[in-house]
Amino acid sequence: MTASFFTDQYELTMVSAALRDGTADRPCVFEAFGRRLPNGRRYGVVAGTGRFVEQLRDFRFDHAELEFLAARRIVDDRMAEWLADYRFTGDIDGYVEGELWFPGSPLLTVTGTFAECVVLETLLLSILNHDCAIAAAAARMVTAARGRPIIEMGSRRTHEAAAVACARAAYIAGFASTSNLAAGQRYGVPTAGTAAHAFTLLHDDEKAAFTSQVATLGEGTTLLVDTYDIRQGIRNAVEVAGPRLGAIRIDSGDLSVMAQQSRDLLDELGAPDTKIVVSGDLDEYAIAALAAEPVDAYGAGTAVVVGSGAPTAGLVYKLVEVDGRPVVKRSENKPSIGGRKTAVRRHKPTGTATEEVIVSQGAPDPMAGDRVLQRPYVRGGVVVGALPTLQESRAHLRDCLISIPWEGLKLSPGDPAIPVTVTGGH
């Protein structure tokens with residue numbers, strides 16, 4: 001199955017009707033944006049753009065898919081011929097991965113005929129809504145960790161394909177590594193992992209399990225010490241691995257109390273350099289609560305892959321321009337602003353972001369400190385230039401988070417980190 005079938009049937013029925021009435025080839029502009037941030041969030045994080053552009057290369061309707069559509073009478077012969085020849089020939093512009101977004105930000109702008117643009121809706125939104133949600137949650141955890149590394153370990157708590165995308169998005173957000181090997185192979189995300197409680201339970205006693213792990217992975221490994229009694233587990237770990245034991249991991253109990261007691265015991269046993277890793281249903285609030293404790297690294301799983309309470313970014317994909325004129329949806333509670341948008345972020349001379357300015361059918365009057373937020377991705381159906389690497393996206397997000405006022409990094413609910421001004425252009 002190709003990327004084209006990650007779609008909703010209504011996209012094909014719209015194209016079928018548009019082909020019949022002659023509107024399918026009208027020049028159009030679609031935009032992906034969010035009307036609001038998820039509850040409690042002060043900024044969004046762009047992720048998934050690279051994955052979407054990669055999927056676009058393979059957005060085709062093959063023989064098996066056309067047979068499926070014909071057998072169920074979803075499309076007629078004319079529509080089937082159109083789908084068989086489908087190639088996206090338009091343009092795509094948008095924010096880079098690792099960029100911050102706010103209400104109204106035009107994350108992706110897709111320009112082309114109505115038919116070729118509308119069939120991209122579901123694929124585009126499914127990727128961006130998922131990856132942006134994961135990246136935003138992960139970025140909040142990274143901020144709460146205050147420079148301590150976080151391992152993404154949520155693969156067992158989500159769909160197998162989503163797990164790979166989660167690991168990628170979390171890495172863009174600043175996570176140090178992932179437990180997911182597919183993410184390592186496909187995207188080059190650093191991988192990490194040692195042992196679970198099952199390995200300890202397999203052996204006749206804890207020391208035997210630790211001895212086996214150290215013999216295989218070396219004294220720099222991380223030993224899971226809370227299968228039985230944590231204090232005795234730490235003693236066994238140091239006895240087996242010696243004072244140069246890399247780390248212990250605690251996955252249960254009152255992590256705040258256990259971290260302090262574990263640090264004291266490790267120091268007492270002559271292992272002051274052995275690090276403490278904690279895991280177990282951690283989210284940004286739990287990580288922030290451990291900020292004053294002697295924790296060296298975190299493992300986060302479930303909260304990451306479910307967006308820590310916001311599993312979707314809430315982005316929409318709307319038609320904003322037809323034949324060069326703005327079109328506006330006026331539905332109650334779901335208004336939109338017509339016309340293609342151009343966006344810049346304004347900064348003080350110190351580098352602090354002050355405002356996002358979005359202009360419809362025009363461009364903001366240039367000011368010192370402006371940074372243009374959109375870049376070209378596709379021209380005439382062809383990907384232009386190299387996509388940013390994950391390392392570049394990580395660095396970009398880090399710079400963006402440094403630039404917003406410190407209030408915008410708070411975990412408590414509040415207004416967006418910077419105001420957004422939308423005007424009609426000139």
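Author: Let's start with a term we need: a cavity is a set of grid points where a 1.4 Å probe fits but cannot get out, and its lining residues have an atom within 4 Å of a point. Keep in mind that the structure above is a predicted model.

Reader: How many cavities of 30 Å³ or more does the structure hold?

Author: There are three cavities of that volume or above. The volume of the largest cavity is about 60 Å³.

Reader: What makes a residue part of the lining of the largest cavity, and which residues are they?

Author: The test is an atom within 4 Å of a point of the cavity. The residues that line the largest cavity are Pro38, Arg41, Tyr43, Gly44, Val45, Trp101, Cys132, Ala133, Ala136, Ala310, Thr312 and Ala313. The biggest contribution is that of α6, with three residues.

Reader: How are the residues of that lining divided by class?

Author: Nine are nonpolar, two polar and one charged. Tyr43 and Cys132 belong to this lining, and they count as nonpolar because Tyr and Cys are on the nonpolar list. Gly44 lines the cavity too, but Gly counts as polar.

Reader: What lines the second largest cavity?

Author: Its lining is made of Ala195, Ala196, Phe199, Thr200, Ala209, Phe210, Gln213 and Leu224, around a volume of about 40 Å³. Both α9 (197-202) and α10 (206-217) supply at least two of the lining residues, and α10 has the largest share, with three. By class, six are nonpolar, two polar and none charged.

Reader: What makes a pocket something other than a cavity?

Author: A pocket is an open set of points, while in a cavity the probe cannot get out. The largest pocket here has a volume of about 660 Å³. It is lined by 25 residues, and the closest to its centre are Met153, Arg156, Arg249, Asp251 and Ser279.

Reader: Which strands supply at least two residues each to the lining of the largest pocket?

Author: They are β8 (222-224), β10 (275-279) and β11 (297-300). The lining as a whole holds eight nonpolar, 12 polar and five charged residues. Arg156 and Asp251 are among those closest to the centre, and they go into the charged class because Arg and Asp are listed there.

Reader: What can you tell me about the second largest pocket?

Author: Its volume is about 470 Å³, and 15 residues line it. Phe6, Arg51, Gln55, Ile127 and Ala161 lie nearest its centre. Four helices each supply at least two lining residues: α2 (49-57), α6 (121-145), α7 (160-173) and α8 (181-187). With five residues, α6 gives the most. The classes come to eight nonpolar, four polar and three charged.

Reader: How do you know which domains that lining draws on?

Author: Its residues can be set against the domain bounds: at least three come from each of domain 1 (3-134 + 310-423) and domain 2 (145-308). These bounds come from an automatic or database domain assignment. The centres of the two domains, taken over C-alpha atoms, are 37 Å apart. In contact across the two are 20 residues of domain 1 and 21 residues of domain 2.

Reader: Why is Lys410 called partly exposed?

Author: Its relative accessibility is 35%. Buried means under 20% and exposed means over 50%, so a value of 35% puts Lys410 in the partly exposed class. You can find Lys410 in the loop between α15 (390-403) and β19 (420-423).

Reader: Which residues does Lys410 touch, apart from those up to four places away in sequence?

Author: It touches Arg42 and Arg140, and a contact is called when heavy atoms lie within 4.5 Å. The C-alpha atoms of Lys410 and Arg41 are 9.0 Å apart, although 369 residues separate the two along the chain.

Reader: What share of the chain's residues count as buried?

Author: The share is 51% of the 426 residues, with under 20% relative accessible area as the cut-off. The chain exposes about 18900 Å², and 53% of that is supplied by carbon and sulfur atoms. In total the chain has 15 helices and 19 strands, and its C-alpha trace spans about 80 × 55 × 40 Å along the principal axes.

Notes
Residues numbered from 1 in each chain as written. Predicted model: local features only at pLDDT ≥ 70, side-chain atom pairs only at ≥ 80, totals over all residues. Heavy atoms only, no water. 1 Å grid on protein atoms, 1.4 Å probe; cavity = no way out; pocket = protein on both sides within 12 Å on 5 of 7 lines; lining within 4 Å. Points joined across faces, edges and corners; volume = space filled by probe spheres on them. Buried < 20%, exposed > 50% of the residue type's maximum accessible area, 1.4 Å probe, protein only. Areas by Shrake-Rupley, 256 points an atom, 1.4 Å probe, with all protein chains shown as cover.
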